[in-house]
Amino acid sequence: MTTDRTPQDAATVIAQGRAVLGIELGSTRIKASLVDPSGVALAAGSHEWENQFVDRRWTYSLDAVWAGLQACVAAMSDDAQARYGVRPTTLGALGVSAMMHGYLAFDADDELLVPFRTWRNTSTGAASQELSALLDYTIPLRWSAAHLYQAVLDDEPHVERLAFVTTLAGYVHWRLTGAKVLGVGDASGMFPVDPTTRDYDAARLAKADELLGARRPGLRLSALLPQVLVAGQEAGRLTPEGAALLDPTGALRPGAPLCPPEGDAGTGMVATNAVAPRTGNVSVGTSIFAMVVLEHELSRAYPEIDLVTTPVGDLVAMVHCNNGASELGAWAEVFGQFATALGAPADPDAVFAALLGAALAGEADGGGLLAYNYLSGEPVTGLDEGRPLFVRTPDSRLTLANFVRTQVYGAFGTLSLGMRTLAQEGVRLEAMLAHGGLFRTAGVAQRLLAAALRTPVAVGSGAGEGGPWGIAVLAAYLRVADEVDLGTWLSTVVFAGAQTVVAAPDPGDQAGFDAWLERYEAGLAVERAATQAL
């Protein structure tokens, strides 16, 4: 994925304005990756942020978006200065990605109508069900079309003023360039995309327009959505106003071309070189999702399977679970606080690594323990709300190793249930490529995920920070898109000589996880009861 580069080489690339910047707004961190034209990582920056639960909706303020972006870009620039003695002032290209789905609605004066509704909200059940039936296509709760139609069903006052709807990546890109566009992968999480046209499905869009028009005369979804572009197409240029939004000091100059804004699913595919059929990737963060590039369409629609696309528009089956590693991270913080109370404070990464290492010593089935990581609702298991739970019976074996192993299993449980459907469809998968912070500790989460998915899991050297690097690579691809297709360029240039470690499923781990998953399914009754009682 990356190779060593001397400070002189990197300094020259940055000083000459050939470095490429990728920025991704994730659920808990905004991250920036500065790369050279072939994707070699040069510098990085990040800023922590967190969603808010306001009026029973998950949201982020737009002020927090821009404050976070500015802090992230400044940290990247500081890193470049510390490493090479130069700050980037001119960029060869720029790309923006963000968590997919959700609802950002604006009026004709470009004013935000309601607070940003993120993918994490699960209040769109009626809209999701009606749209899925009408379109014969799974429209998940978090998709933008579901949020919009639910607002129509609820007769929200802002609907009459709607002029434009987009995703978080689309919003940031629009403010940086003035262009209301979206990469095809992110667009496919707003409304179904036709893989033959690489655009919104025209027949289904006509049905949606008719449905909305019947309830709100004159309202047409087709008039509200951003234009769809594919990887390699220029999506606008950084304006002076956009440059000032990223860097209020004025050091960053306008004019850089931008690639189409993408969702975190698309950047995950790029960051793991999983854009070809029979390849797939798993991204683990606040949410967890698996992406499998299909050779053919599925036989029918499944409520637990989204159909989205790669950044070039090829069809992808997506198993998306709202809850990923956040609960495991919360327990790591508790253990870190305990270490501090004992007078032995430890770095959070060291605490996390120690806990994950302990998981390998646990019993294969978790010793009879159960963990549910449901901080929010989980559509795959039919839950509108979530309650994090740790459950055990009197005869279970409560040890640190079993506890941590169970928490890791809990992060993978819902994903495993969704992946069963693809196996039943006969989808062939040669290997899953994993990325996300959970895989920075080598050999633990990877091994247990292989057992959960019954598939070899590969982790590359950049698995911990894939997203911003992935969108930086898509931005760098602008320079060569007329000469080579994305898949070939990734394999022959960006990933040439990449170091990858593959873990095959261990039979003992697999049998243990299967036994644990059986208890997990039975125990969902406890989770449902908790959502009703608390």
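The model is predicted, so a bit of caution is built in: local features need pLDDT of at least 70, side-chain atom pairs count only at pLDDT 80 or more, and totals for chains, interfaces and linings use all residues. Residues are numbered from 1 along each chain as its sequence is written, and side-chain values use heavy atoms, with hydrogens and water left out.

Let's start with strands. Helices (H or I, at least four residues) and strands (E, at least two) are DSSP runs, numbered from the N terminus. Two strands pair if DSSP finds at least two bridges between them.

Five strands make an open sheet, in the order 3-2-1-6-13, and the pairing is mixed. Strand 3 and strand 13 (262-263) sit at the edges with a single partner strand each, so one side of each has no neighbour in the sheet.

Now look at strand 2 (residues 29-35) and strand 3 (residues 41-48): they pair in the antiparallel sense over seven bridges. Lys31 stands opposite Ser46 in strand 3, while Leu34 has Ala43 as its bridge partner in that strand. The hairpin of strand 2 and strand 3 has five residues between the strands, and there Gly39 takes a positive phi near 95°.

What lies across strand 1 (20-25), strand 2 and strand 3? That's helix 2 (residues 62-84), which runs at about 145° to strand 3. Angles like this one run from 0 to 180 degrees between N-to-C directions, and axes are lines fitted to C-alpha atoms, for helices over the stretch in contact.

Gly280 stands opposite Val292 in strand 15.

**Helix 9 and its partner**

Two packed helices are described by the angle between their axes and the distance between the axes. Helix 9 (residues 264-271) and helix 14 (residues 466-477) pack at an angle of about 80°, their axes 8 Å apart. Helix 9 and helix 14 are therefore roughly perpendicular; angles of 65 to 115 degrees count that way, while under 35 is roughly parallel, over 145 roughly antiparallel and the rest oblique.

On the helix 9 side, the contact (heavy atoms within 4.5 Å) is made by Thr267, Val270 and Ala271. The helix 14 side includes Trp469, Ile471 and Leu474. The residues of this contact divide into six nonpolar, four polar and no charged. Here Ala, Val, Leu, Ile, Met, Phe, Trp, Tyr, Cys and Pro count as nonpolar, Asp, Glu, Lys and Arg as charged, and the others, Gly among them, as polar.

How many of the eight residues of helix 9 are buried? Eight of the eight are, so helix 9 is largely enclosed by the rest of the structure. Buried means under 20% relative accessible area, exposed over 50%, and partly exposed in between (1.4 Å probe, protein chains only).

**Salt bridges**

A salt bridge is a side-chain nitrogen of Lys or Arg within 4 Å of a carboxyl oxygen of Asp or Glu. By this rule the count comes to 20 salt bridges. Here are some of them:

| Pair | N to O distance |
|---|---|
| Glu156 and Arg117 | 2.8 Å |
| Arg198 and Asp314 | 2.7 Å |
| Arg278 and Glu295 | 3.8 Å |

Both Glu156 and Arg117 are buried. By contrast, Arg198 is partly exposed at 29% relative accessible area, and Asp314 is partly exposed at 27%. Arg278 also counts as partly exposed, at 22% relative accessibility. There is a network of salt bridges too, linking Arg56, Glu385 and Arg387.

**Positive phi angles**

Most residues other than glycine have a negative phi. Asp55 has a positive phi near 50°; Asp55 lies in the loop between strand 4 (52-54) and strand 5 (57-59) and is exposed at 70% relative accessibility. Asp110 has a positive phi of about 65° and is partly exposed, with a relative accessible area of 40%. Just after helix 9, Asn273 takes a positive phi of about 55°.
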